[in-house]
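Try each one before you read the answer.

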Amino acid sequence: QVHLVESGGGLVQAGTSLRLSCAASGRTFDSYAMGWFRQAPGKEREFVAAISWSGGSTSYADSVKGRFTISRDNAKNTYLQMNSLKPEDTAVYYCAAAYNLGAVVRGTPTDWGQGTQVTVSS
């Protein structure tokens, strides 16, 4: 399995931007899709965005469309660019890996990071 470590979270004001990063290791030869999920206190974990192994296909939750952008590079890093942040975006954000994009969207990835806190103040 792949080991995932998120970074880039923090406290920001509404309307500003933040970029989350997910560093992957341990799966050098496997191709995999990546995604981001988030969980606010007292709420269930929810899907945010996903990207195919090649980066050619992406998927977003309706709540973040037009504001968030998921991307990846050839160094096993996955990013989530978050623009126009809102207080309701406050949550712990997790990156995840799966065999394909569909598995990420369905919320059934095989590997998860430990999360990074994003807090958006108004």
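Q: How many aromatic pairs does the count come to?
A: This is a predicted model, where local features need pLDDT of at least 70, side-chain atom pairs count only at pLDDT 80 or more, and totals for chains, interfaces and linings use all residues. Residues are numbered from 1 along each chain as its sequence is written, and side-chain values use heavy atoms, leaving out hydrogens and water. Rings of Phe, Tyr and Trp (its six-membered ring) pair if their centres lie within 6.5 Å; planes under 30 degrees apart are stacked, over 60 edge-to-face, the rest tilted. By this rule, the count is two.

Q: Is the pair of Phe 37 and Phe 47 stacked, tilted or edge-to-face?
A: The centres of Phe 37 and Phe 47 are 5.7 Å apart.

Q: Is Phe 37 buried or exposed?
A: Buried means under 20% relative accessible area, exposed over 50%, partly exposed in between (1.4 Å probe, protein chains only). Phe 37 has 2% relative accessibility, so Phe 37 counts as buried.

Q: Why is the pair of Phe 37 and Trp 112 called tilted?
A: The ring centres of Phe 37 and Trp 112 are 4.8 Å apart. The pair is tilted because the planes stand at 55°.

Q: Which residue has its charged end over the ring of Tyr 32?
A: A charge sits over a ring if NZ of Lys or CZ of Arg is within 6 Å of the ring centre and within 35 degrees of the ring normal. Over Tyr 32, at 5.2 Å from the ring centre, sits the charged end of Arg 72.
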